[in-house]
Amino acid sequence: MCLVLPVLVLVAGGWGGAAAAAPPAIDGRITEGEYASHYQARRIGMEVHWTIEGDSIYFGLKVPATGWLAIGWDPSGPIMEGEDIILGYIRGKELFLQDYFANSSVTHANDVSLGGRDDVLESSGSEDPQSTTIEFRRRLDTGDRFDRPITPGSHTVQLAYAPSDDFVTYHGEKRTVVKIDFFAGGAQEAGLFARPRSIDSGRGPLVSWLLTVAVGVVTIAGLTAAYLLWSARGRGRGRG
Amino acid sequence: MPAETGRIAWHVITAELHTGMLTLAFASLVIRLAGVWVTTSNGAWRGLVRLADPTAFLAAIGGLLALIASIVTGLLYTWPVEVLLTSSVMLNKIAITAFATTFWTLFIVVRAFSGARLWDHARLRRLYFALGTGGFLSLMLVGSTGGHLAGKRSMLDGILHYLGINTHLLFTLSRSAIYLTLSAVTLLVVAAAVRRAIWKRTHERPLEAGAQVPAVPGASPPRAPWR
């Protein structure tokens with residue numbers, strides 16, 4: 001069982017590893033064997049290729065759509081809060097790629113606007129009617145407080161893309177969460193979104209929230225009913 | 001336009017619709033209330049006051065329907081279930097929306113049962129205005145939380161900060177506060193109901209007796225206790 005489980009995980013996840021001879025060329029095309037490791041999220045059809053070379057990591061991302069695509073890692077949660085995100089799209093023949101940070105569970109802002117740096121060192125991309133490919137390089141540890149360092153061990157990685165270049169477009173079902181060890185290779189589908197803190201800390205917060213909402217509604221309705229029932233004449237005052 | 005973007009647009013449309021209509025309802029409510037005290041012979045003002053009550057009522061009905069449609073489109077189309085159940089901002093927004101819906105529903109119910117005569121009774125006027133104000137304030141808070149959800153700032157941020165309200169933190173009451181509030185509200189409703197029953201018993205007997213007596217010219221008819 002100890003041996004079977006890791007093998008199953010790697011096969012089911014679609015991970016592949018191969019020794020890359022030289023650092024990948026950031027040219028907007030991903031060729032066979034160009035990267036040391038790759039993973040295909042079969043449910044959404046997104047490919048992630050990566051190679052660690054020196055103090056940098058090279059990424060190649062490919063999706064079966066012509067809108068924006070994004071990779072993010074290490075959210076503190078809930079959902080994507082605290083995540084380091086690289087998001088890009090191709091308009092015409094020009095690549096737009098930026099370094100983002102998830103400043104809340106469901107929103108993100110580019111690092112520069114938050115007072116950080118854009119730490120994408122090199123990038124290139126291409127698009128055909130069926131797919132979009134983006135390649136980029138960044139340092140494993142950028143030192144920017146809005147980036148998360150890539151270290152040995154498992155990282156929670158979120159992958160998403162959308163049919164439109166407008167990245168306000170919600171990615172809908174085209175998203176997945178994977179556990180990836182960028183150094184050792186190997187990936188495992190973790191389901192949709194990382195487990196949020198509220199779930200990890202039990203169902204208590206959600207139950208308390210539901211009770212709070214119910215109490216609020218009951219209080220508003222109850223006070224109104226009590227006000228209507230209370231006899232003004234019975235108090236001997238309250239004309240009108 | 002992708003189908004998903006189109007579906008999200010329905011939420012935006014219904015959100016704008018309910019905000020506009022409920023704001024109109026509140027503005028009309030204020031005008032009608034002002035009309036109770038500000039009585040001039042100015043024709044325009046009198047016309048405005050006369051129209052304000054039906055406008056507030058109809059706008060509140062339309063706004064409540066749009067608010068319900070906005071809730072449905074928001075829950076079904078805009079965010080996945082994981083976000084709905086885990087984002088503190090989202091949960092706060094749902095909670096405040098529930099309060100706003102309650103306020104506006106009661107606002108409509110009170111007006112529907114009382115009719116335009118409501119404005120002749122100070123107690124009902126006060127209740128009607130309180131419900132409208134509660135609905136409007138909670139609506140403002142819903143909009144502000146929606147802005148935070150979209151990653152933007154809100155015009156209310158300064159006030160919220162001053163009041164120590166952080167929409168990014170999940171607002172929940174402790175269990176003891178929940179039980180205490182529920183008990184207090186239940187007791188209050190029961191006490192009001194008992195008091196009304198006693199009042200009816202003590203006042204209906206003289207009325208029944210009074211029914212046997214010939215009416216006194218100029219005597220006012222018996223009034224419902226809450227008016």
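**Close-up 1. Asp119(A) is a buried residue in a salt bridge.** Asp119(A) counts as buried because its relative accessibility is 8%; buried means under 20% relative accessible area, exposed over 50%, and partly exposed in between, with a 1.4 Å probe and protein chains only. Its side chain meets that of Arg117(A) in a salt bridge, at 3.0 Å from N to O. A salt bridge here is a side-chain nitrogen of Lys or Arg within 4 Å of a carboxyl oxygen of Asp or Glu. Arg117(A) counts as partly exposed, at 42% relative accessibility. Side chains of opposite charge can pair when their charged atoms come close. This is a predicted model: local features need pLDDT of at least 70, side-chain atom pairs count only at pLDDT 80 or more, and totals for chains, interfaces and linings use all residues. Residues are numbered from 1 along each chain as its sequence is written, chains are lettered from A and ligands numbered from 1 in the order in which they are written, and side-chain values use heavy atoms, leaving out hydrogens and water.

**Close-up 2. Arg29(A) and Asp27(A) form a salt bridge.** The closest N and O atoms of Arg29(A) and Asp27(A) are 3.7 Å apart. Arg29(A) counts as exposed, at 54% relative accessibility. Asp27(A) counts as partly exposed, at 33%. A search of the whole structure finds 6 salt bridges over all chains.

**Close-up 3. Glu122(A) and Arg137(A) join two strands through a salt bridge.** The side chains of Glu122(A) and Arg137(A) meet at 2.8 Å, N to O. The pair links distant parts of the chain, 15 residues apart: Glu122(A) is in strand E9 (residues 122-127) of chain A, and Arg137(A) is in strand E10 (residues 132-139) of chain A. Helices (H or I, at least four residues) and strands (E, at least two) are DSSP runs, numbered from the N terminus. Glu122(A) counts as partly exposed, at 34% relative accessibility. Arg137(A) counts as buried, at 17%.

**Close-up 4. Strand E10(A) pairs with E4 and with E9(A).** Two strands pair if DSSP finds at least two bridges between them. Strand E4 (residues 56-63) of chain A and E10(A) pair in the antiparallel sense over 8 bridges. Here Lys62(A) has Thr133(A) in E10(A) as its bridge partner. E9(A) and E10(A) also pair in the antiparallel sense, over 6 bridges. Glu127(A) stands opposite Thr132(A) in E10(A). E9(A) and E10(A) form a hairpin, with 4 residues between them. Of the 8 residues of E10(A), 7 are buried, so the strand is largely enclosed by the rest of the structure. In a regular strand the side chains alternate between the two faces of the sheet.

**Close-up 5. Phe26(B) stacks with Phe129(B) and with Phe136(B).** A search of the whole structure finds 11 aromatic pairs over all chains. The rings of Phe26(B) and Phe129(B) have centres 6.4 Å apart and planes at 25°, so this pair is stacked. Rings of Phe, Tyr and Trp (its six-membered ring) pair if their centres lie within 6.5 Å; planes under 30 degrees apart count as stacked, over 60 as edge-to-face and the rest as tilted. Phe26(B) is in helix H1 (residues 3-37) of chain B, and Phe129(B) is in helix H5 (residues 122-149) of chain B, 103 residues apart. Phe129(B) is partly exposed, with a relative accessible area of 27%. Phe26(B) counts as buried, at 16% relative accessibility. Phe26(B) and Phe136(B) form a stacked pair too, at 4.4 Å centre to centre with 5° between the planes. That pair also links helices H1 and H5 of chain B, 110 residues apart. Both Phe26(B) and Phe136(B) are buried.

**Close-up 6. Five residues of chain A form one aromatic cluster.** The members are Trp50(A), Phe59(A), Trp73(A), Phe136(A) and Phe182(A).

**Close-up 7. Arginines lie over ring faces.** Arg111(B) lies over the face of Phe57(B), at 4.7 Å from the ring centre. Arg123(B) lies over the face of Tyr227(A), at 4.5 Å from the ring centre. A charge sits over a ring if NZ of Lys or CZ of Arg is within 6 Å of the ring centre and within 35 degrees of the ring normal.
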